[in-house]
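Hello,

Here is the structure I promised to pass on. Please open it first, then read my notes below.

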Amino acid sequence: MTVKVVAESPRIILREFTWDDLPTLVPILTDPLVMRFSVTGPLTEEGVRGFLERCLLKYRERGYWLWAAIHRSDANLIGYSGLLDQLIDGSPEIEVAYRLSPLYWGQGLGTEAAALARDYAFVRLGVSRVISLIDPENKASIRVAEKNGLRYEKDTTYYHLFVRVYSISRTEWEHLPHVLTFQRQNKGK
């Protein structure tokens, strides 16, 4: 099976999801702790199937979306990082989104995975800015965004949630260290 690797950093590989990821992804996205700050809350197994279907469809339609985050040291799927098309206060935006298994929290892996998505947006998509939408109580995600150069911009309502918008422009990003290494299509996992 050919798996498309999108980007790599010293500890993370981002690649497109496949149906083979379902058994590993279910315990992550059904975990109430992992999904505490999500719009949907914990997913059901059927919801995770729908998540994978959406990812595969968006790869074909847009060429990007949420990608599987693979930890290099153990080759485990540890969550996802990627880019979402959003409409915030009437303006189209590209959101850097990420979610990891609690087994991998507190190691800087979320920051690294989010940096890969951020860099991909600027390098491959040529966008002028990216955002992250973060619940004000989600201190860990705020730290991830700030470590990646995103700064608080404003508060807004996203679906039914009060969130903070963090953003970074291309000009601001150009002054940051980049972790991104792009890969050609690779075989295997």
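**Thr111 and the helix around it**

Thr111 sits in helix α3. Keep in mind that this is a predicted model. Is Thr111 buried or exposed? Thr111 has a relative accessible area of 16%. The cut-off for buried is under 20%, so Thr111 counts as buried. Setting aside neighbours within four places in sequence, Thr111 is in contact with Val144, Lys147 and Asn148.

**The cavity**

Two of those contacts turn up again here. Val144 and Asn148 are among the residues that line the largest cavity. By class, the cavity lining divides into 6 nonpolar, 2 polar and 1 charged. The volume of the largest cavity is about 30 Å³. The count of cavities of 30 Å³ or more comes to 1.

A word on how such spaces are found. Rolling a probe the size of a water molecule over the atoms shows where empty space is left.

Now the largest pocket. It holds about 1400 Å³ of space. Its lining has 49 residues, and the closest to the pocket centre are Phe37, Ser38, Tyr80, Tyr98 and Arg99. Several elements give two or more residues to the pocket lining: α2, β5, β6, α3 (109–123), β7 (129–134), α4 (139–147) and β9 (161–169). By class, the pocket lining has 28 nonpolar, 11 polar and 10 charged residues.

Where is Phe17? Look in the loop between β3 (12–15) and α1. Phe17 has a relative accessibility of 2%, so it counts as buried. Its contacts, not counting residues up to four places away in sequence, are these:

- Leu25, Phe51, Leu52 and Cys55
- Leu56, Tyr59, Leu66 and Trp67
- Ala68, Leu77, Gly79 and Tyr80

Take Tyr59 from that list. Phe17 and Tyr59 are 42 residues apart along the chain, and their C-alpha atoms are separated by 9.4 Å. Tyr80, another contact of Phe17, is one of the residues closest to the centre of the largest pocket.

**Helix α1**

Leu25, which Phe17 touches, is in helix α1 (residues 22–29) and is buried. Leu22, Val26, Ile28 and Leu29 of this helix are buried too. What do the buried residues of α1 pack against? Their partners are α2 (45–62), β5 (76–88) and β6 (91–100).

Most residues other than glycine have a negative phi, and most peptide bonds are trans. Two residues to check here are Ala75 and Asp89.

Ala75 is not a glycine, yet its phi is positive, near 60°. Ala75 lies in the loop between β4 (66–71) and β5. At 54% relative accessibility, Ala75 counts as exposed, because the cut-off for exposed is over 50%.

Asp89 also has a positive phi, about 50°, although it is not a glycine. Asp89 lies in the loop between β5 and β6. Its relative accessibility is 48%, so Asp89 counts as partly exposed.

Best wishes

Terms used. Residues numbered from 1 in each chain as written. Predicted model: local features only at pLDDT ≥ 70, side-chain atom pairs only at ≥ 80, totals over all residues. Heavy atoms only, no water. Buried < 20%, exposed > 50% of the residue type's maximum accessible area, 1.4 Å probe, protein only. Helix = DSSP H or I, 4+ residues; strand = E, 2+ residues; numbered from the N terminus. Contact = heavy atoms within 4.5 Å. 1 Å grid on protein atoms, 1.4 Å probe; cavity = no way out; pocket = protein on both sides within 12 Å on 5 of 7 lines; lining within 4 Å. Points joined across faces, edges and corners; volume = space filled by probe spheres on them. Nonpolar A, V, L, I, M, F, W, Y, C, P; charged D, E, K, R; others polar.
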